[in-house]
Amino acid sequence: MTNQNEDILTYFQKLDRSFFMDELKEFAYMDEAIPIGHEQTISQPSLVLEMTLALDLQPGSKVLEIGTGSGYQTALLAAFSDSVYTIERIAALHERAKERLEKAGFSNIHFKLDDGSTGWEENAPYDRIMVTAAAAQVPTELIDQLAPGGKMIIPVGPPLLQELLLLEKDEDGKIDTTVLEEVRFVPLRGKYE
């Protein structure tokens, strides 16, 4: 395990999941997805960690996150990258996550209330892209916004079961795709439902 991965693991173990929940806090310790309202969930902690490690964050990374949700994954990304651009389509979740993450002292997170399925073009390219909702197919806009040498994690497939994909873009723009495992995420709303 690299030093960066060890640091992420240590930080993750100290990160209080209940801080990112308004209800059902008593279940924060459980390793499963928990509802946070608006038909959304706070992801299973072990999966959040696994996805973060697979993204291979670097200290100077500029990260795009699609689906801020509770802000739990956002905090982990922001602690180990230069900047995070995070998009949430549900106003109540967007506002609450922004409040929480600012209270936690993060100053390198940029928030946007919008349909994230087409990314955040004006700040592209991104070194890393994390998608926390399932798309029917990989959005071409996100591939376009991924920098050469960049990596993207995205669940792709039908509503009940998806494949968690790691996409890596080489210096020539060619995409290499690896299936990491089968997962179940809430659907990505917008253009790629």
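**Reading labels in a predicted model**

Tutor: In this predicted model, Ala75 is found in helix H3, which covers residues 72-79.

Student: What makes Ala75 buried?

Tutor: Its relative accessible area is 0%, and buried means under 20%, so Ala75 is called buried.

Student: How many aromatic pairs does the structure hold?

Tutor: The structure holds five aromatic pairs, and one of them is formed by Tyr85 and Trp120.

Student: Why is the pair of Tyr85 and Trp120 called edge-to-face?

Tutor: The ring centres of Tyr85 and Trp120 are 5.4 Å apart, with 85 degrees between the planes; rings pair if their centres lie within 6.5 Å, and planes over 60 degrees apart count as edge-to-face, so both the pairing and the label follow for Tyr85 and Trp120.

Student: Where in the chain do Tyr85 and Trp120 lie?

Tutor: Tyr85 belongs to strand E4 (residues 83-88), while Trp120 sits in the loop between strand E5 (109-113) and strand E6 (126-131), and the two are 35 residues apart, so that the pair links distant parts of the chain.

Student: How do you know whether Tyr85 and Trp120 are buried or exposed?

Tutor: Tyr85 has a relative accessible area of 12% and Trp120 one of 8%; because buried means under 20%, Tyr85 counts as buried, and Trp120 does too.

Conventions: Residues are numbered from 1 along each chain as its sequence is written. This is a predicted model: local features need pLDDT of at least 70, side-chain atom pairs count only at pLDDT 80 or more; totals for chains, interfaces and linings use all residues. Side-chain values use heavy atoms; hydrogens and water are left out. Rings of Phe, Tyr and Trp (its six-membered ring) pair if their centres lie within 6.5 Å; planes under 30 degrees apart count as stacked, over 60 as edge-to-face and the rest as tilted. Helices (H or I, at least four residues) and strands (E, at least two) are DSSP runs, numbered from the N terminus. Buried means under 20% relative accessible area, exposed over 50%, partly exposed in between (1.4 Å probe, protein chains only).
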